[in-house]
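We will go from the whole chain down to single side chains.

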Amino acid sequence: MTDARPRYDVGYSSGVFDMFHVGHLNLLRRARNHCHHLVVGVASDEYVENLKGRPPVVPCDERIDIISALGIVDEVIIDRSEDKVAAWQQRPFDAIFKGNDWQGTPKGYRLERSMEELGVRVVYFPYTRHTSSSMLRSFLTERGE
């Protein structure tokens, strides 16, 4: 028999969460099942623009409202950097949850090294491949032309 109790006290997941979709929900549901307290970092508008080269469709304050309204999320912070050490310094956590599209990649290896120094476990969950905010944006752009 397996132990059904969450493994981590405080878990952290972050994202842009632009045009919230089922892939976001899948990740957050899985994260919720692995910790007692789920903290979610929502990328600031400036961070999104630096990361993707364009502003998000949905502004940060609205994305925070959406994530905060989910009954599976205990706390929301603004994520201002790709450096998750900065997020940990803002709100310490025991585990960070990412989609497995990060696993085995240079950015995944960097995350694992930086989190290991803090004693934080990186936990990967299956990435929902059939949807993404980029796919939604592309679909809407094509339909609008």
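The tour below moves from the overall layout to the sheet, then to the rings and a few single residues.

**Before you start**

This is a predicted model, in which local features need pLDDT of at least 70, side-chain atom pairs count only at pLDDT 80 or more, and totals for chains, interfaces and linings use all residues. Residues are numbered from 1 along each chain as its sequence is written, and side-chain values use heavy atoms, with hydrogens and water left out.

**Stop 1: the whole chain**

Colour the chain by secondary structure. Follow the cartoon from the N terminus and the elements come in the order β-α-β-α-α-β-α-β-α-β-α.

Of the 145 residues, 44% are buried. Here buried means under 20% relative accessible area, exposed over 50%, and partly exposed in between, with a 1.4 Å probe and protein chains only.

**Stop 2: the sheet**

In which order do the five strands lie in the open sheet? The order is β3-β2-β1-β4-β5, with parallel pairing (two strands pair if DSSP finds at least two bridges between them). Select 75–79 for β3 and 121–125 for β5: these stand at the edges with a single partner strand each, so one side of each has no neighbour in the sheet. Look along the sheet, and you will see a twist that averages 30° from one strand to the next (axes are lines fitted to C-alpha atoms, for helices over the stretch in contact, and angles run from 0 to 180 degrees between N-to-C directions).

Next, select β1, residues 8–15. Six of its eight residues are buried, so β1 is largely enclosed by the rest of the structure. With β2, strand β1 pairs in the parallel sense over seven bridges, and glycine 11 stands opposite leucine 38 there. With β4 (residues 95–99), strand β1 pairs in the parallel sense over three bridges. Tyrosine 12 has isoleucine 96 as its bridge partner in β4.

Bring the helices back and pick α5, residues 106–116. This helix packs on the sheet, touching β4 and β5, and its direction makes about 145° with that of β5 (contact means heavy atoms within 4.5 Å).

**Stop 3: the aromatic rings**

Show the side chains of Phe, Tyr and Trp. Rings of these residues (for Trp, its six-membered ring) pair if their centres lie within 6.5 Å; planes under 30 degrees apart count as stacked, over 60 as edge-to-face and the rest as tilted. How many aromatic pairs are there by this rule? The count comes to four.

Zoom in on tyrosine 12 and phenylalanine 93, a stacked pair at 4.6 Å centre to centre with 10° between the planes. Tyrosine 12 lies in β1 and phenylalanine 93 in the loop between α4 (84–90) and β4, so the pair ties together parts that are 81 residues apart in sequence. Tyrosine 12 is buried at 0% relative accessibility, and phenylalanine 93 is buried at 3%.

Then move to phenylalanine 17 and phenylalanine 20, a tilted pair at 6.4 Å centre to centre with 35° between the planes. Phenylalanine 17 is buried at 3% relative accessibility, whereas phenylalanine 20 is partly exposed at 26%. Finish with Tyr8, Phe97 and Phe125, which form one aromatic cluster.

**Stop 4: an enclosed helix**

Select α1, residues 22–32. Eight of its eleven residues are buried, so α1 is largely enclosed by the rest of the structure. Among them are Leu25, Leu27 and Leu28.

**Stop 5: single residues**

Click on serine 44, in the loop between β2 (35–43) and α2 (45–52). Is serine 44 buried or exposed? At 4% relative accessibility, serine 44 is buried. Leaving aside neighbours within four places in sequence, serine 44 is in contact with Cys60, Arg63, Ile78, Asp79 and Arg80.

Last, select lysine 107 in helix α5, which is partly exposed at 33% relative accessibility.

Note on methods:
Helices (H or I, at least four residues) and strands (E, at least two) are DSSP runs, numbered from the N terminus.
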